[in-house]
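The stops below go one by one.

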Amino acid sequence: MSNPTISFADELRGRTDDQIAMLFTLRPDLISPVPTDITALAARANSMPSLMRARESLNKWQFDILTTICALQEPVSLVEIMSMTSKEAKGAVQALWEIGLLYLENERYRVPTNIRTMVGEHPAGLGPQSNKKIDFAELEAAPKGATEVLQRMVWGPPKGQVADVKKAAPNVRWLIEKNFLIAFDSQTVLLPREVAMHFRGGKIFKDMQSAQPLFTGVARKQKAADLAAIANISTFVRWAEELGHNWSDEPPAALKTGGLGVRDLKRTAEHLGIAENCAAFVAELLYIAGLIVIDTNDQILPTSTFDVFLTRTIEEQWHSLAVLWLETSRMSGLVGKAESKSVAALGPELDRGGTSALKKLIVALLVENPEKDPALDSIKSVVKWLAPTRANDEYVEWILREAEWLGITGQGAISAFGAALLKGDDLGIEAALPKPVDHILIQADNSAIAPGPLTLELANAIGTIADIESRGGASVYRFSEASIRRGLDHGQTGDQIKDFLKKISKTPMPQPLEYLIADVSKRHGKLRVGHNNSYLRCEDEGLIQELLHDKRLEPLRLRKLAPQVLISDVESNELIIALREAGYLPAAENATGILISAPTVRRAKTRPKPPRVITDITAPNPTLITSAVRALRAGERASSHKPRDIPRTTANETLDLLHQYIEERASLTIGYADTNGGVSNRLIDPLSISLGTLVARDHATGEIAHFRIPRITGVSPAN
Amino acid sequence: MTDGPLIVQSDKTLLLDIDHPLSDECRKSIAPFAELEKSPEHIHTYRLTPLGLWNARAAGHDAEQVIDVLLKYSRFAVPHALLVDIAETMSRYGRLRLEAHPVHGLTLVSHDPAVLKEVTRGKKIAPMLGLQIDDETIVVHPGQRGFLKQALLKLGWPAEDFAGYVDGEHHEIALREDGWSIRKYQSMAAEGFWHGGSGVVVLPCGAGKTIVGAAAMAHAKATTLILVTNTVAARQWRDELLRRTTLHEDEIGEYSGAKKEIRPVTIATYQVMTMRRKGVYTHLDLFDAIDWGLIIYDEVHLLPAPIFRFTADIQSRRRLGLTATLVREDGMEGEVFSLIGPKRFDVPWREIESQGYIAPADCVEVRITLTEEERLNYATAEQEDRYRFCSTTRTKLKVAVALARQHADDQVLVIGQYIDQLDALSEELGVPLIKGDTPVKERERLYNLYRSGEIKCLVVSKVANFSVDLPDATIAIQVSGTFGSRQEEAQRLGRILRPKADGRTARFYSLVARDTIDQDFAQNRQRFLAEQGYAYRIIDADEVLSKDSD
């Protein structure tokens, strides 16, 4: 390797503003924070974390070319690269240069030093250069088994283990003697690069794919896909609601390690009638959305946000969940996998970096190939080509599965809604949902069927007098004594229920149902229950009368329930205080017997705290990039002056010089002491002096700054 | 959206809008793989179950057909997950096969080594298996054929049985169609069974299951063991076989508590088969007494659990199950599927009714208001006595008598559970009573008189529930019954659903005491009957009584 005559930083310094801006766009991590100068930028761009990030954005073709360059002697000309790969390499090399993984030295390419570390010791399975003379003609006379040894090592790894190099088998010994192998240490032999290249026929890779593999799949009609997606969307939203309701009724207990236990997952899956991995997915999304939370007492409960969620339209509900799905780094497919039994839904072990990027990549792929249900192998190979470092066959499967559950896809092909979600367009779900129906069909077995989604009002109205038995495109309701009673409890009368049903039913009301309603409403209300907060009893009926007529006690709104009993809506302690103030002598009684219970809807006390999301660094906007480039250039100019020492000047000299330069409108370098006494050099354009302060434009920030004259240690013209 | 007649719900129920013009076509298409759960007047409910889907697979339907049907008729988009689930479930059937290997005998075969590996790992299954011959074949211990099928079904990998059957001892049997002819669906049922090898034929009560059995015997032409619920049913099978086939009296034996005849065609009762002495089943030898070529199980839905165990041992014999319903109250549908076989034929009640083979029925619930005194007594009765109390009140008796009198010209059956009540009814009406301790001879004599019309009214206890042929009963009056069991309801309705000569509507009265636990049970009954599509109405006892006083 010849020593570079030009450094990576030098080359970057020579790039135009536009090229630097492009570098920032391609590698957003370089801009946060903005490096002070090009040297800092080069150092960061050559740092391992940044290189790994850049590598993730490469497709397989680009990465293979980068590996090829690493395997060649630097610097490498484009012609050399093309001869080792193919003519199409030109575009990829340009892209690699733009992203700062290559730099130019006299029209030939070099890689920043750390890339070699990243690519590895043996790029493309090639061993080190031997630099000894190798005569391939000698192979003709190779002892038995020698060529086989070489053949096995040709495509890497180039390392071979032997028991002892000194006592190696004759064939290996011969190979070492003739320089076909290098004895690396007492137990390892290496295949020199030249030998491998010879056997590889001058190529570095067996085959390189310069183009994205074909995306194949079963053809679907967009309309059919959208229809299926709508079914998926409405089903998914219903699952979400059902799960929340179910966990409100029977909250699962979180595991000690955090997360949902296998048994609870199973129960939930059974309740929803779906597979466990699907239930885990629903639960995860609700968790990420803050709709459920692990409460302080380790119960997993819906949050108040869930109540808000319930009031939203299906489109809004779906959007809120689908967006999170795209962004989250949590991979619910890991739950309950055979190899990773301990991974629990809602647990701490589901984060996988790059998940979101992989999802977006896959959805984008589907958008590019509409009306197609991808063949699994095909999409896996495409993903592997596009993002070799991120691709994971299992993840791809899971992501496709989740996309289908969510309705991003329908019948495997991208739906209009999934595409709109990715683009941020109007989703149009509400319009695509089946038209709500405004009637039901009542049958003699006391069931009613709404042959389609009911309008919200109707659904609520029927929900109070009938139990839902089956959901889906249609809803099946069942009338029972209990459900009719519930309707009566809601203040409806038997006749009202009957009239309501007659009005909305397309079929005549079956006689047995009329009987049922009549039976229940006849018995309903025979027993009367009222609400009060306290009671007052006294065996002296006269005293009771007196209390009732006491004007001072009117605010208590005492009511007579029986000759010796009064009740009041105020709490018993307030009642006692009021009575005492009015001069009576009441005593508190142990409260037994009256119990008022209302159905409790359990909600978590803690605020929603969805798990953090590991996001990828997003591409910065153009304004940010432009200002970053400007700052970089300024930093560059400043640092280029740094080496020069600024001669110290006295305060008077300083003032004189400044006046002089202001008139000349020249740029200056000044030494400026900060509050701690540290002196830094600033590159400025002086503007004016007032009140012992120099007003000047600071090149580093591009802003007007004030410098106190006494702190200026020296002045010298720029350049 | 196709606006089809079918709504596919995500809980795997299918709602069929029968007022839709395509409903008939759709019903025929979904019947092979979906179980009809209820069929009230407007919307019928079918359910997709693994057993149903596997039944369809056994009948030669594949997942693609099923999915096509759903997509074709569905009104709304069908969730993809459900379709995937269907395909997945159906693909499980037949992945494992039981085959007879020329060298190794019975083997479990699969072209999917992973599945084979999965099932052989099961703790219960491993001991039933022997040597693994290759990746795809494992020897099955002889005698484990049935138990293995049972266990595999529980794991969700039902095995298809290709191991074949023994022919059994040949015996000439043919149908003798003189003066009658086999109905089309009956012969289709027998053929469906024969081509399937073993399995269950589902036909409503009164649709002539005995003839299906006889036709199956004519196919097999082999010695046959017929298992029936009780002695009366055994005699009826015998009579029917004599009437419909070329069999002679001395070729048919009865194996029951009373007689122990073993003949080429032997009819045995469940009771005698499950009889135990000192914990040992004493009559099991019957299964080996003759080299049977066919075993018929009457009323499969009532098959007692021990019989399943015996059945597991005789998997190489052809088995035919006959029933009106695959629903078992003990949930042992899986046992029927794995041990007797998949459903081979099925016609819904309504279809046969519309063909005129069974009479339409009208169900009437008569609400009886208890007297003040009865109500007080009921309120204070012990919990366990309450049902008995409310279903045997004096008032009820009065109404029952009034009803029976109003139908004096019809053939009436009065059915009840409590003997005291039945005694009183029989006395009040002056008609004979048939109960558990009525000797078989006497029972048959009374039935014959009833059939011939000499007796217009009979009071029967629950012994009459099963397999009694009373062709001309047009009116049934149920005064009390055990806790609204669906089974019993179906049987009782079956009693009166036999075709009437003049096409009259049969009527099924049940008497219910208002505001008591009786009414709760009645609600189950109403639901069941309405689900089956019968007209159901409620009248007040006063209507009956006032009519009576006219």
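Start with E15(A) and strand E16 (residues 475–478) of chain A: three bridges join them, and they run antiparallel. Helices (H or I, at least four residues) and strands (E, at least two) are DSSP runs, numbered from the N terminus. Two strands pair if DSSP finds at least two bridges between them. Select Asp467(A) next; Arg478(A) in E16(A) stands opposite.

A note before moving on. This is a predicted model, where local features need pLDDT of at least 70, side-chain atom pairs count only at pLDDT 80 or more, and totals for chains, interfaces and linings use all residues. Residues are numbered from 1 along each chain as its sequence is written, while chains are lettered from A and ligands numbered from 1 in the order in which they are written.

Now widen the selection to the open sheet of four strands. Its order is E13-E14-E16-E15 (chain A), and the pairing is antiparallel. Strand E13 (441–442) and strand E15 (467–470) of chain A are the edges, each pairing on one side only.

Go to Asp298(A), in the loop between strand E8 (292–294) and strand E9 (300–302) of chain A. Its phi is near 70 degrees, a positive value in a residue other than glycine. Is Asp298(A) buried or partly exposed? Asp298(A) is partly exposed, with 13 other C-beta atoms within 10 Å. (Buried takes 20 or more such atoms within 10 Å, exposed 12 or fewer, partly exposed lies in between; C-beta atoms are placed from the backbone.)

Switch to chain B and select Asp515(B). Its loop runs between strand E24 (506–513) and helix H21 (517–531) of chain B. Asp515(B) counts as partly exposed, with 16 C-beta neighbours inside 10 Å.

Stay in chain B for a helix pair. Helix H12 (residues 305–313) and helix H13 (residues 333–340) of chain B pack at about 25 degrees, axes 10 Å apart. Axes are lines fitted to C-alpha atoms, for helices over the stretch in contact, and angles run from 0 to 180 degrees between N-to-C directions. Show Phe308(B), Thr311(B) and Ala312(B) in H12(B); they meet Glu335(B), Leu339(B) and Ile340(B) in H13(B).

Finish between the chains. 28 residues of chain A are in contact (C-beta atoms, placed from the backbone, within 7 Å) with 28 residues of chain B. On the side of chain A that touches chain B, H12(A) gives the most, with six residues.

Definitions and conventions: Contact = placed C-beta atoms within 7 Å.
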